[in-house]
Amino acid sequence: MNNIKDIIKSANSQKPDKYNILTFPTHERYETQLCKTGHNFYSCHIQNNKKWNKEQTAVPENYYILPENQVINYIDFDFILVQSKYWQYQVAMDIIKSRPLPIIVLEHTLPTPETVSQENIQAMKQMVGHINVFISEFSKSEWGIENNSKVIYHGVDSETFKPIEVDKENYILTVANDFKNRNYCLNYEGWNRITENLNAVLVGENNGELSKACKSADELALEYNKCKVYLNTTTLSPIPMSLLEAMSCGCAVVSTATCMIPEVIQDGLNGFISNDEKELREKTEMLLDNEELRKTMGENARKTIQNMFSEQRFLDEWNNTFDQICEAKKI
Amino acid sequence: MKTQIVYDDPSTIEGFETVDVKYGTSGLEQIVNNSSEEIYITNCLDKVDFQEANKILMIALTKLRLNGKIVVNGTNLRTLCLNVIANEVDAENFSKVISNCSSLRDSSDIEEILIQHNLTIETNVIRGNTYEITAIRTNS
């Protein structure tokens, strides 16, 4: 039935004001930002897989959650947005057997031989969509998927994540969810070594053991503003959103120089980067003691975010991608 | 706002304004007129008697805003009967279908009502024994 409807619709109608996008719950914050494109996002919830975490992030008005394990027939979806090759891609393949829809594959992660076998990584490299979107050039080159591929950098809401007049407190902040379990990419052990005997604060969902997540983006922005230094220790993350948010808040940042980070941070200008733990600690201590340096670096960091990661650019590029996939669908 | 009108169906879409008409139309009536951009009447009209189905449809139309979309689906009377005559549907399956229904109608009847109320039919598609109509309110 949907095939026939699609043919009739494409023959009769102009480009819709809003696309109906079938997707899956993945990164609440990223998806909240995607929702600012104004399209309708229908989220397919599959039993025993990730659900939208409402305690952490409110569901946007144009994000609709489908009944569990159901893809509603009476909604005319325009395309599928897959955000994970671990389970979503497979579900999408099942869906298109009865509803042939074009697929955008958005890749948030990197191939990680530490946790996934080479055989599985090879298989995942075959899981491509009609358009493949990566969040950094680094990520795109690591996956080695060239056909119909593009890079859309994160967008940072620089109105929410902005400098606020607040008294700085003498601590180093790191934001990370599931930090211990994701040691292989977030480098929890390195973080422990670098911050040993320093006043370090962790924010993020860590089973209540290490820390708790902020309840809203505003609360998180306040955390970034209160700290003197933001420390990022990731070793395998294309571009950590928390690092960008911290920079947007005008934080002085110290970070590992991995993946796309050296493309964003110029050492000594808008932050400090190094892959030497001793040096990371020294730079952190230096910033804790030097207010003027923190201020200059923080201002430069915010400028970088406004130039490279503007939210409007992010939304425009996604809107173009959505138009592109729908044009391809007509053909 | 998007509205979904159902009859005793727990599998609704979270984020839609859901109205269950099992115990009447008061919930539906409370929605502000012309406020819904999309209305879905799904697996619902068959479950109520003929007059009640008309009433639900009429009230729903008053809630639809200009350029808003309404989607109605249900069992298609004519197709079901033709399938019985053609032995595509046997007595057992026919009984199953009608055991869940309090009324049946043809998609062309729904289409006619929608057209009479100044809606433009976008699609009217039959699959198996069911119809699904999508219409747009193009003028007031």
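Which elements make a right-handed β-α-β unit in chain A?

A: The model is predicted. In chain A, the right-handed β-α-β unit is made of strand 6, helix 5 (residues 137-143) and strand 7.

Strand 6 of chain A, which opens the list of elements in this unit, covers residues 131-134. A:Ile131 and A:Val133 point to one side of the strand, and A:Asn132 and A:Phe134 point to the other way. All of these residues are buried. In a regular strand, side chains alternate between the two faces of the sheet.

Strand 6 of chain A is joined to two strands of its own chain. Strand 5 (residues 103-107) of chain A is linked to strand 6 of chain A by four bridges, and the two run parallel. Strand 7 (residues 149-151) of chain A is linked to strand 6 of chain A by three bridges, again with the strands parallel. Strands of a sheet pair through backbone hydrogen bonds, either parallel or antiparallel. A:Val133 can be followed in both directions: A:Leu106 stands opposite A:Val133, and in strand 7 of chain A the bridge partner of A:Val133 is A:Lys150. A:Val133 is itself buried.

Further along chain A there is an open sheet of five strands with parallel pairing, in the order 9-8-10-11-12. Its edges are strand 9 (200-203) and strand 12 (272-273) of chain A, each of which pairs on one side only. Within this sheet, two bridges join strand 8 (residues 172-175) of chain A to strand 10 (residues 229-232) of chain A, and these strands run parallel. A:Ile172 has A:Val229 as its bridge partner in strand 10 of chain A. Helix 11 (residues 277-289) of chain A lies across strand 8, strand 10, strand 11 (252-255) and strand 12 of chain A, and runs at about 170° to strand 11 of chain A.

The axes of helix 9 (residues 241-248) and helix 12 (residues 291-308) of chain A come within 7 Å and cross at roughly 115°. Helix 9 of chain A contributes A:Leu244, A:Met247 and A:Ser248 to the contact, while helix 12 of chain A contributes A:Ala301, A:Arg302, A:Thr304 and A:Ile305. By class, the residues of this contact are four nonpolar, two polar and one charged.

Of the 140 residues of chain B, 36% count as buried. Among contacts in chain B between residues at least 6 apart in sequence, 63% join residues at least 24 apart.

Where the chains meet, 14 residues of chain B are in contact with 14 residues of chain A. On the side of chain B that touches chain A, strand 4 (64-75) and strand 5 (119-127) of chain B are the elements that give two or more residues. Strand 5 of chain B supplies the largest share, three residues. That side of chain B has five nonpolar, six polar and three charged residues.

Technical notes:
Residues numbered from 1 in each chain as written. Chains lettered and ligands numbered in written order. Predicted model: local features only at pLDDT ≥ 70, side-chain atom pairs only at ≥ 80, totals over all residues. Contact = placed C-beta atoms within 7 Å. Nonpolar A, V, L, I, M, F, W, Y, C, P; charged D, E, K, R; others polar. Buried ≥ 20, exposed ≤ 12 C-beta atoms within 10 Å, placed from the backbone. Pairing = 2+ DSSP bridges. Right-handed = clockwise from strand over helix to strand, strands pointing away. Axes fitted to C-alpha atoms, helices over the stretch in contact; angles between N-to-C directions.
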